[in-house]
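I set out to record what can be read from this model, working from the overall fold to single residues. The entries follow in the order in which I looked things up.

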Amino acid sequence: MSSASSPSRSGGGKHPTYRGIRSRSGKWVTEIREPRKTTRIWLGTYPTPEMAAAAYDVAALALKGSDTVLNFPDHVSSYQVPVSPSASDIRRAAASAAELMKRETTEEVVVDHLENIHSGNSHIVNSELDFIDEEALFDMPNLLVEMAEGMLLSPPRMASPLSDDTLGNLNAESLWSYF
């Protein structure tokens, strides 16, 4: 299988580095052909190429054995092995591997972000991650809920002191009375 990037029929493209995944509508999809069959097992759609590649790795291990070429060979010990070669068990194990990769990637980004803040480079943003969980980052489990509740409160009334112009000059001419 070539790892060169080429567009597929659906308008997406293969990833230049990872095996068994392709881009579709800005997300990453993966499926695997069952050995000695024409059928494929759909493994899912994922937001990052790493998650899709991890899902593919688990399916490849389950269907092709430990001799197969993997995207993340150093992660083999952390993958959940499917309990059977059935498509549903392989999909379940693939989703678990993708979630594991998501957590690992998120933790790396948060650590990088914190290091950037401490080094004075807080303006650096990792473009691969669209969401950082501020509640977890700052250990404030209800941060977003409390912010939303704060938006529902009416603002406090402004108690302005009476000035000399308000009571005594009510009968005076207005700037708008020259018609």
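Entry 1, terms and model. I take helices to be DSSP runs of H or I with at least four residues, numbered from the N terminus. I note at the outset that the model is predicted.

Entry 3, overall make-up. I counted 5 helices and 3 strands in the protein. Read along the sequence, these elements give the pattern β-β-β-α-α-α-α-α. Of the 179 residues, 28% are buried. The protein exposes about 13000 Å², and carbon and sulfur atoms supply 56% of that area. I also looked up contacts with a separation of 6 or more: residues 24 or more positions apart account for 34% of them.

In what order do the strands of the open sheet lie? I read the order as β1-β2-β3, with antiparallel pairing among the 3 strands. From one strand to the next, the twist averages 30 degrees. I then examined the pairing of β1 with β2 (residues 27–33): the two run antiparallel and are joined by 4 bridges. Within this part of the sheet, I21 stands opposite T30 in β2.

I checked the length of α1 (residues 49–64) against expectation. Its 16 residues should span 22 Å at 1.5 Å a residue, and the end C-alpha atoms are 21 Å apart, which agrees. Is α1 mostly covered or mostly uncovered? I found it mostly covered, with 13 of its 16 residues buried. As for placement, α1 lies across β1, β2 and β3 and runs at about 10 degrees to β2.

Which residues have the most contacts inside the largest nonpolar core? They are I32, L43 and F72, in a core of 26 residues. I traced the contributors: β2, β3, α1 and α2 (87–118) each supply at least two residues. The largest share, 10 residues, comes from α1.

I set aside the neighbours within four places in sequence. The remaining contacts of I32 include T39, R40, I41 and L43. Also among them are Y56, A59, A60, L63 and K64.

Conventions:
Residues are numbered from 1 along each chain as its sequence is written. This is a predicted model: local features need pLDDT of at least 70, side-chain atom pairs count only at pLDDT 80 or more; totals for chains, interfaces and linings use all residues. Side-chain values use heavy atoms; hydrogens and water are left out. The expected span of a helix is 1.5 Å times one less than its number of residues. Buried means under 20% relative accessible area, exposed over 50%, partly exposed in between (1.4 Å probe, protein chains only). Two strands pair if DSSP finds at least two bridges between them. Axes are lines fitted to C-alpha atoms, for helices over the stretch in contact, and angles run from 0 to 180 degrees between N-to-C directions. Contact means heavy atoms within 4.5 Å. Accessible areas come from the Shrake-Rupley method with a 1.4 Å probe; for residues, only the protein chains shown count as cover. A nonpolar core is a set of buried Ala, Val, Leu, Ile, Met, Phe, Trp, Tyr and Cys residues joined through side-chain atoms within 4.5 Å.
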